[in-house]
Amino acid sequence: MSAKWWRFPAPAKLNLFLHVLGRRADGYHRLQTAFRFIDLCDEIHVRVRTDGVVRRITELAGVPEDADLAVRAARLLQACSGCRLGVDLRVDKRIPLGAGMGGGSSDAATVLLALNRLWRLGLTRAQLQRLGLQLGADVPVFVFGRNAFAEGVGERLTALDLKPAWYLVLQPQVAVSTAEIFSDPELTRNSRAITIAAFLEGQGRNDLEPVACRRHPEIARHLVWLRQYANAAMTGSGACVFSAFETESEARRVLGELPGGMRGMVARGLERHPLYREDAE
């Protein structure tokens with residue numbers, strides 16, 4: 001077993017809009033969304049093992065090891081590549097769970113990217129994206145490494161060049177079940193598709209937001225407060241909500257108005273994933 005620990009970032013994402021276009025025969029939903037990476041990151045610590053064992057050495061409240069997407073990613077990559085090496089994983093969580101910010105998916109993608117390098121597998125980004133899709137619909141975009149317009153179940157990705165922005169993100173203290181939101185009979189499932197140009201002109205909403213607000217009134221309360229200052233939306237299936245600002249000072253000024261009992265943070269929009277490499281095609 002190697003004595004060296006390697007540290008890799010796993011950034012959060014925001015969904016700048018999210019439309020549900022329909023439901024496929026296999027139960028998955030056809031979506032359109034725009035992903036924006038932000039500089040709030042989990043940290044994945046990796047130590048290569050020579051005995052083939054894959055294990056998580058830290059506890060994660062509410063997430064058993066076998067259900068942890070980071071662990072599952074390592075085991076999937078190992079099985080599909082035939083690699084005989086293993087890994088110790090330590091996940092330092094900073095992205096809240098059940099927040100719609102893609103923490104688990106990002107952790108999984110970072111493990112795929114890191115172990116592809118440390119195990120010297122030489123898989124292409126496209127190959128890793130296909131593996132990631134087996135773990136979850138949001139994993140491919142983190143492997144893709146660019147802010148992206150996504151279609152299908154989230155796997156058909158077109159890179160987006162987005163303007164610099166700072167985001168005020170509020171964190172209602174509720175954990176949202178993505179599966180429950182998508183299975184709700186009142187969920188809109190027939191939104192019209194929009195083009196990238198239409199999105200860049202300001203079109204788009206989050207179709208999951210009304211369902212999440214009805215099930216979790218705290219989300220609605222946070223949106224009402226934030227909309228006093230700027231346009232606001234929910235990310236993913238919730239619970240976090242956000243507004244975009246041109247400058248950090250503007251975002252922090254509004255954060256300073258936050259009432260007691262509400263939690264929030266300011267994050268910078270990223271141009272690319274911190275692990276993005278031009279030569280990894």
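Reply: Strands here are DSSP runs of E with at least two residues, helices are runs of H or I with at least four, and both are numbered from the N terminus. This is a predicted model, in which local features need pLDDT of at least 70, side-chain atom pairs count only at pLDDT 80 or more, and totals for chains, interfaces and linings use all residues. Residues are numbered from 1 along each chain as its sequence is written, and side-chain values use heavy atoms, with hydrogens and water left out.

Me: How many bridges join β7 to β9, and in which sense do they run?

Reply: Two strands pair if DSSP finds at least two bridges between them. β7 and β9 are joined by five bridges and run antiparallel. F242 of β9 is also the bridge partner of A233. β8 and β9 pair in the antiparallel sense, over two bridges.

Me: What lies between β8 and β9 in their hairpin?

Reply: Six residues separate the two strands of the hairpin, and G236 in the turn has a positive phi of about 55°.

Me: In what order do the strands of the open sheet come?

Reply: The order of the four strands is β8-β9-β7-β10, with antiparallel pairing. β8 (233-234) and β10 (264-268) are at the edges with a single partner strand each, so one side of each has no neighbour in the sheet. β10 pairs with β7 (residues 166-170) over five bridges, in the antiparallel sense. One of the pairs there is W166 with R268 of β10.

Me: Which helices pack on this sheet, and how are their directions read?

Reply: Axes are lines fitted to C-alpha atoms, for helices over the stretch in contact, and angles run from 0 to 180 degrees between N-to-C directions. Contact means heavy atoms within 4.5 Å. Helix α8 (residues 217-226) lies across β7, β8 and β9 (241-245), and runs at about 20° to β9. Helix α9 (residues 248-255) packs on the sheet as well, touching β7, β9 and β10, and its direction makes about 175° with that of β10.

Me: Is β9 largely enclosed or left open?

Reply: Buried means under 20% relative accessible area, exposed over 50%, and partly exposed in between, with a 1.4 Å probe and protein chains only. Four of the five residues of β9 are buried, so the strand is largely enclosed by the rest of the structure.

Me: Is H216 buried or exposed?

Reply: H216 is buried, at a relative accessible area of 17%. The residue sits in the loop between α7 (209-215) and α8. Apart from neighbours within four places in sequence, H216 is in contact with V174, A175 and V176.

Me: How do α1 and α3 cross?

Reply: Angles under 35 degrees count as roughly parallel, over 145 as roughly antiparallel, 65 to 115 as roughly perpendicular and the rest as oblique. The axes of α1 (residues 69-81) and α3 (residues 125-135) come within 10 Å and cross at roughly 130°. That makes α1 oblique to α3.

Me: Which residues of α1 and α3 meet?

Reply: L69, R72, A73, L76, L77 and C80 in α1 meet L128, L131, Q134 and L135 in α3.
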